[in-house]
Amino acid sequence: MDEFEQLRSELLRCRECRELFGFEPRPVTMGNSCAKIMQVSQAPSIHVHNTGRSFNDISGRRLRGEWYKISDETFYDPDIFYITSVGHCYPGKSKGQGDNPPPRICAQKWLRREIEVVNNEIFILVGKAAADFFFPKENFTDLVFSDQKINGKQAYVMPHPSPLNVKWFKDNPKFEKERIPEIRKAVHDITDKLSKEQKQSGPDRER
């Protein structure tokens with residue numbers, strides 16, 4: 001078993017937060033070690049917890065269909081997207097709107113190791129929790145509107161596509177008009193490149 005498979009096996013068996021949550025944790029992460037895009041968000045929603053499929057909810061449909069403009073097949077292609085989060089399990093419902101914040105120990109224990117073993121080309125950070133993990137004390141909105149680097153690799157920061165994020169979108173209309181097209185292009189550059197490589201290698205394999 002290689003390093004990536006060992007990590008994945010350990011991560012999916014993790015139940016460290018069982019007592020904290022008060023229910024059975026279900027770690028969720030998707031993708032291969034060769035995935036070109038590492039997408040990091042806050043934590044799985046209850047819908048993702050129930051299905052075991054990342055971004056299998058309203059936020060995910062907006063992310064794929066309206067922002068990236070890619071098919072479900074492309075988004076869930078394990079060689080294109082490695083989908084993970086600061087907290088790998090649904091953390092439960094908060095007393096107010098939204099979910100509880102992910103336990104701090106999760107990212108320290110698992111996400112740091114994922115970053116080391118996944119050979120991605122770019123990072124996409126979805127939401128403030130993911131941005132804060134990589135860029136603590138930085139202004140979130142400033143991060144969204146400027147290109148970043150993580151371990152020398154291109155990194156983009158986006159707000160979470162959740163319906164609860166209405167105020168941020170209202171306060172920052174330039175995001176959908178100006179920033180999303182730039183992030184979408186970065187995603188499509190990778191998917192187009194992979195598609196071209198697959199077409200070129202196909203005939204060669206048959207010869």
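**Exercise 1. Is phenylalanine 169 buried or exposed, and what does its ring pair with?**

Step 1. Start with accessibility: phenylalanine 169 has 11% relative accessibility, so it counts as buried. Here buried means under 20% relative accessible area, exposed means over 50%, and partly exposed lies in between, with a 1.4 Å probe and protein chains only. This is a predicted model, in which local features need pLDDT of at least 70 and side-chain atom pairs count only at pLDDT 80 or more, while totals for chains, interfaces and linings use all residues. Residues are numbered from 1 along each chain as its sequence is written, and side-chain values use heavy atoms, with hydrogens and water left out.

Step 2. Classify the pair. Rings of Phe, Tyr and Trp (its six-membered ring) pair if their centres lie within 6.5 Å; planes under 30 degrees apart are stacked, over 60 edge-to-face, and the rest tilted. By this rule the model has 17 aromatic pairs. The centres of tryptophan 67 and phenylalanine 169 are 5.8 Å apart and their planes stand at 70°, so this pair is edge-to-face.

Step 3. Tryptophan 67 belongs to helix α4 and phenylalanine 169 to helix α9, so the pair ties together parts 102 residues apart in sequence. Helices (H or I, at least four residues) and strands (E, at least two) are DSSP runs, numbered from the N terminus.

**Exercise 2. Which aromatic pair does tryptophan 168 form with phenylalanine 140, and which cluster holds them?**

Step 1. Phenylalanine 140 and tryptophan 168 are edge-to-face, at 6.1 Å centre to centre with 65° between the planes.

Step 2. Helix α8 (residues 140–144) holds phenylalanine 140 and helix α9 holds tryptophan 168, so this pair ties together parts 28 residues apart in sequence. Both phenylalanine 140 and tryptophan 168 are buried.

**Exercise 3. Over which rings do the charged ends of arginine 62 and arginine 53 sit?**

Step 1. Recall the rule: NZ of Lys or CZ of Arg must be within 6 Å of the ring centre and within 35 degrees of the ring normal.

Step 2. Arginine 62 has its charged end over the ring of phenylalanine 169, 4.6 Å from the centre. For arginine 53, the ring is that of tyrosine 76, with 3.7 Å to the centre.

**Exercise 4. What lines the largest pocket?**

Step 1. On a 1 Å grid over the protein atoms alone, a cavity is a set of points where a 1.4 Å probe fits but cannot get out; a pocket is an open set with protein on both sides within 12 Å along at least five of seven lines, and lining residues have an atom within 4 Å of a point.

Step 2. The largest pocket holds about 1200 Å³ of space, a volume being the space filled by probe spheres set on the grid points, which are joined across faces, edges and corners. Its lining has 46 residues, and the closest to the centre are Gln42, Ala43, Asp99, His160 and Ser162.

Step 3. Helix α7 gives the largest share of this lining, four residues.
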